[in-house]
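Please look over the sequence and the model before reading on. The report below is meant to be read beside them.

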Amino acid sequence: MSEKHPIIAITGSSGAGTTSVTRTFENIFRREKVAAAVIEGDSFHRFDRQEMKKRQAQAEKKGNKHFSHFGSDNNLFPEIEDLFRSYSETGTGTRRKYLHDPVEAAPYGQEPGTFTPWESLPPDTDLLFYEGLHGAVVTPEVNVAKYPDLLIGVVPVINLEWIQKLYRDKHVRGYSTEAVTDTILRRMPDYVNYIVPQFAHTHVNFQRVPVVDTSNPFISRDIPTADESLCVIRFANPKGIDFQYLLNMINNSWMSRANTIVVPGGKMELAMQLIFTPFIWRMMERRRKALGAL
C-alpha cells in the first residue's frame, strides 16, 4: 500500500462483470479529474491467442484437460506483482495491451489476439487502476493482494456468471454453446484454486444474485436484467462505512449482516458511486499530503 502512489484493483472471473465496474470508476475519475494508469489484466496472459490454442491442443494430447487462462502456468503473475510493487514505490512501471478483436487491433496494425509491445506507464499519474482476473492472486511465489489500497471483487453467483459468459461468447464472439461449456469445464480446477481464493483478500465484494430461475444456465436465452437481480455488497472491514447514509440514499436496500448491505440490482452502479467516490477523495487527499511532505 502506498499513500503517494495508490493502487485500485478490480478482480473477477471471465464473465463476472468487471468491465461494468471499470466503467463506473472511469466516470468517477473523469468527474474528479483523477489521472489513472489503466492496466488490463488480459495483457498479463503468457501467450497470445494462437500460441494458447496450440499449447492447449498439446496439453490435451498429453491428457491435461484443464489447461486454462486462469492458472499460474499461463499468466505472468511475477510481472503483475513487479508492476504493483514498482508503482507503489515509485509511480512507474510497464504495461501492454491485449487486442481482443479487430476494432481494438486496427489502430495498431496487428492481428486480434496479439499483444502490443511493452511500454512505460504515463508519467505523473495519480493512481494505478487494474481490472482483470488476478488482482488479488496469492501463491507460494507471489502476493499481488498485499499491494492494492482498494481491492474490489466482482462475484456473481456461479450460475449467473456462466450465463453471462455463455451469452457474451456466443453472441459477441461467435462461439457455440458446446465450445463455451467446454471452456467452463476446462477452467474449473484453476477457477477453484486461483480465482475463488482471491475474494478472501478483497476489501469489498459485489455479488449479483438473480431472483429468476437460473437453475440450468446452459439453456438460458438471456441474461437476467439488473431489475431481476439483487446485489450483495460485503465489506471486509465495515469501520468507517456510513451504512445509514447508504440505506437512506438507496431505496429498498437493507442490511443482511453487520458488514453487508443488499441493494436492488438496478442500483448497483449508484451504490458504487456512493461508496467509492469518498474512497477516491480520501485517497487523493492522502496523496497530496504525502507529496507535499517531500
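## Basis of the report

This is a predicted model, in which local features need pLDDT of at least 70 and side-chain atom pairs count only at pLDDT 80 or more, while totals for chains, interfaces and linings use all residues. Residues are numbered from 1 along each chain as its sequence is written, and side-chain values use heavy atoms, with hydrogens and water left out.

Helices (H or I, at least four residues) and strands (E, at least two) are DSSP runs, numbered from the N terminus. Strand 7 covers residues 204-210, and because five of its seven residues are buried (under 20% relative accessible area, with a 1.4 Å probe and protein chains only), strand 7 is largely enclosed by the rest of the structure.

Two strands pair if DSSP finds at least two bridges between them. Strand 8 (residues 229-235) pairs with strand 7 in the antiparallel sense over seven bridges, and here Asn205 has Arg234 of strand 8 as its bridge partner.

## Two loop residues with positive phi

Asp124, in the loop between strand 4 (119-120) and strand 5 (127-132), has a positive phi of about 60 degrees although it is not a glycine. Asp124 is exposed, with a relative accessible area of 72%, where exposed means over 50% and partly exposed lies between the two cut-offs.

Asn252, which lies in the loop between helix 7 (243-249) and strand 9 (254-257), is likewise not a glycine and has a positive phi of about 65 degrees. Asn252 counts as exposed at 65% relative accessibility.
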